[in-house]
Amino acid sequence: MTQMNQALTTGRMHRTVAALLVLLMAVMLLATSARAELMIRVTKGVGEATPVAVVPFGKSGDLPAGEDISTIIRNDLEMSGDFSPLSAEKMLSLPTSGDDVFFRDWRLLGQPYLLVGNVTREGDRVRVRYELFDVNSEKRLLGETSTTSVNNIRTLAHHISDKVYEALTGVPGVFSTKLAYVTLDEHEGKPRYRLQVSDVDGRRASVRLESREPVLSPAWSPDGKQLAYVSFESGRPQIFVHELATGKRTVVASYPGLNSAPNWSPDGRSLLVTLSRSGNAEIYRLDLDSRSLTRLTDHWGIDTEGEWHPDGEAIAFTSDRSGGPQIYIKDSQSASPRRVTFGGRYNARPRFGPDGEYIYYVHQRDGAFHIARTELDSGDEQVLTRTGADESPSIAPNGRMLIYATRQGNDNVLTVISADGGAAYTLPAARGDVREPAWSPILR
């Protein structure tokens, strides 16, 4: 389980900072090796997915191998779980513009929506024209011509996927967002931790930090330009803020004892952090400009894993004050925390959905760890996963999907599911482990 979850389980017997730090280190040492780029494998479909035909785009000029726009769009829509793309082999024709479409063919194939387009290379630029149709009404829903550099085709393809997804669902797409995660391999017999950022499908991964010591808990700033995380590179935990464009790194929390679990406020001006500077793990608000601290919890139990509500007024956190780890919400700085999870003896690592209606967390049942969610108004709990060793949930910014780390065979992999527990796909590394996923906000 995550380092903070481990700390909570043990915290009832050992509340010393040393024990917490040992647990933090041990979690990352469980990993083996992993390569930079992840692979995608759809593992579970959804029966009510909407059929859609993404026709192979027409091509003019030499285009980079492996960067086929229509294939990327088809894969994006499929992995959302909301759509079931028709295979090209079953298509009766391959139109590249609306003028070439015979709607009767697509009605016979049971396809309510149709996407066609063409790609033209013009020097070092690529021009893409695409059109989306409602087959039954024979109306064009979307049409656009876009250009990009020949090296940026994948970005444009994700952009088109976002536009198509929103046109058909009314919900913004998240295919242009990013994932942050941590991997571990060995170099000259020593561990090498990597903080990496990739496309949401695991492609175009780039290493943003390498360290001999553990790196934990990456968290995106609201504008997607910075990551906060915990690094042990000095031999003890410190919280860093990392500017992705420049690579500039700043230590923002290096207090005696535990410095962990950073979480950005919705306005990007502060972090929730867990500190044990007073001897016990508590939640603090850290102002990033002044570096001033405001203590938000004060209890003999371990309070950790703070999470801002989307409105910036309330926080959720994990505490063992009731005898075991449970999720609490504190509605204002002066309010008393209220417990919101009651199903089972272990619930930790809270994450709000973007509308604040649901809270997602790690839930233990029958000796296994799953991802669950509770509707805050009703208190109804739903267990979303059954993979057995699940941790670190992170919610897509449109609220339709979530990513978490789990075990698959002998490896740790990342799995994405729809927010109601439906369709799923995995992002395994070629070998070894990958964990601590964080889903970026929608990038502007």
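**Close-up views of a predicted model**

**View 1. Arg-204 sits in the loop between strand S9 (190-199) and strand S10 (206-211).** Strands (E, at least two residues) are DSSP runs, numbered from the N terminus. Phi of Arg-204 is near 55°, positive although the residue is not glycine. Arg-204 is partly exposed at 31% relative accessibility (buried is under 20% relative accessible area, exposed over 50%, partly exposed in between; 1.4 Å probe, protein chains only). The model is predicted: local features need pLDDT of at least 70, side-chain atom pairs count only at pLDDT 80 or more, and totals for chains, interfaces and linings use all residues. Residues are numbered from 1 along each chain as its sequence is written, and side-chain values use heavy atoms, without hydrogens and water.

**View 2. Arg-349 belongs to strand S23.** Its phi is near 60°, again positive in a residue other than glycine. Arg-349 is buried, with 7% relative accessible area.

**View 3. Glu-131 lies in strand S6 (residues 125-134).** Glu-131 is buried at 9% relative accessible area. A polar atom of its side chain lies 2.8 Å from the backbone nitrogen of Gly-98. Beyond neighbours within four places in sequence, Glu-131 is in contact (heavy atoms within 4.5 Å) with residues including Ser-97, Leu-114, Arg-140 and Leu-142.

Terms used: Helix = DSSP H or I, 4+ residues; strand = E, 2+ residues; numbered from the N terminus. Polar contact = N/O pair within 3.5 Å; in protein donor to acceptor, adjacent residues only side chain to side chain.
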